[in-house]
Amino acid sequence: MNIYLCIIIGALLLEFMLFNLSHHLDLKNISTSLPNEFKGYYSASEYTRSQEYLVENTRFSYLTSAVDVLIILMVILFGLFNNVDLWIRGFGFSPMVSGLLFFGVLFLIQDMISTPFSLYRTFIIEENYGFNKTTPKTYLLDKLKSYFLLIILGGLILSLILFFFNRFGDLAWLYAWIFLSAFLVLIQPLFTLFIAPMFNTFTPLEDGELKDKINTFATKVNFPISRIDVMDGSRRSSKSNAYFSGLGKNKRIALFDTLIENHSEDELLSIIAHEVGHYKKKHNIKGIIMGVIQTGIMFFLLSLFLNNEILFSAFKMENLSVYASLLFFSILYSPIELIMSFVGNAISRKHEFEADSFAKTSIGTGKHLIEGLKKLTVTNLGNLTPHKLTVWLSYSHPPVLSRIKALYNSEK
């Protein structure tokens, strides 16, 4: 039997079972006893509702993950990638155009399959729990904008990668790595200036005590801010968040309008201090460096598997091509990518603790951040008792009780 086919099927099934086991353990880990830290924040009915939200989302994930793995196994075992490839080749386009069409057709098929599940999650589950504020019109416009970005940015990136691997032989991986690394750096200002405003309206924070506090704090910790904006997050969801984006002096702090509605000024300042902590601890730069290293490893390994006949045989392909090599290698590479995600999540959780510590030290107390974290968790019906396996597999942030405990301990 084809060795690559065995690896791919084994990896797909292992990942499916591993994540579903973690979801099962999450449900088993549900406690009817409200943790002391949240007494006075979660009422008995709200806590029960948060657990019902977890159960419904988990059961829905069982369905979506089962459909996903079943479809990819059918596509591989029945050689459906080959059918798409033969159809596209029939038009007689160049390898680059054929590659763009190949990925475009596969994306459209995937999107047609996933959209009903997305609609159900948004308009049924999120609606039932009072989170959804997205209208069908907004959902459709978001889709169209996403398609536009995919065609422009995705098409450009894919075109250049195909060009490099079709033109430069053994050094193609190096050119592709350099190009994508540059894109990882440029995506921050692109997101701030062009992408984010396509989906949300950003209004400058009104003059007042909150704005004065933020500017005073930013000056104190030497954090350059070009704009402080309020984002219309309530347009899509009642959930809350905040973030900063941009590089150099062109930094934007974005506060969800729902965040401002539900939190005091001291809590908001502590949440912002946490985000500033990521910048001061250079977490964004470390993330870019990690992304560049991972991209280099991926492209180098890809160069070793380019037009590999045994790999193409695993997918029942009749013709070799650079564009199909990209897809098949990405599937073969998924076990390595999964392991890297575990490491990346562990580093991210460490960074969150560091940002919390910075917020506590720079503000002078952690009590406001603790209050903010509690309110955020209650507002978003967060899971207070995730199983350790789930945290290890998929949590980029530490569980909220772990963050609160660390802040309490640092107060002593």
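The model is predicted, and local features need pLDDT of at least 70, side-chain atom pairs count only at pLDDT 80 or more, while totals for chains, interfaces and linings use all residues. Residues are numbered from 1 along each chain as its sequence is written, and side-chain values use heavy atoms, with hydrogens and water left out.

**Exercise 1.** Determine how the rings of tyrosine 42 and tyrosine 47 are arranged.

Solution. Begin with the rule: rings of Phe, Tyr and Trp (its six-membered ring) pair if their centres lie within 6.5 Å, and planes under 30 degrees apart count as stacked, over 60 as edge-to-face and the rest as tilted. A search of the whole structure finds 30 aromatic pairs. In the pair of tyrosine 42 and tyrosine 47, the centres are 5.6 Å apart and the planes lie at 55 degrees, which is a tilted arrangement. Next, take accessibility, where buried means under 20% relative accessible area, exposed over 50%, and partly exposed in between (1.4 Å probe, protein chains only). Tyrosine 42, at 4%, is buried, and tyrosine 47 is buried as well, at 5%.

**Exercise 2.** Explain why the pair of phenylalanine 315 and phenylalanine 328 is classed as it is.

Solution. The ring centres are 4.0 Å apart and the planes stand at 10 degrees, so this pair is stacked. Phenylalanine 315 lies in the loop between α11 (309-314) and α12, whereas phenylalanine 328 belongs to helix α12, so the pair ties together parts 13 residues apart in sequence. Helices (H or I, at least four residues) are DSSP runs, numbered from the N terminus. Phenylalanine 315 is buried, with a relative accessible area of 0%, and phenylalanine 328 is also buried at 0%.

**Exercise 3.** Describe the packing of helix α4 (residues 95-128) against helix α12 (residues 322-332).

Solution. The axes (lines fitted to C-alpha atoms over the stretch in contact, with angles from 0 to 180 degrees between N-to-C directions) come within 8 Å and cross at roughly 35 degrees. Contact means heavy atoms within 4.5 Å, and the residues that make this one include Phe102 and Phe103 of α4 and Tyr323 and Leu327 of α12. By class, the contact has eight nonpolar, two polar and no charged residues, where Ala, Val, Leu, Ile, Met, Phe, Trp, Tyr, Cys and Pro count as nonpolar, Asp, Glu, Lys and Arg as charged, and the others, Gly among them, as polar.

Terms used. Helix = DSSP H or I, 4+ residues; strand = E, 2+ residues; numbered from the N terminus.
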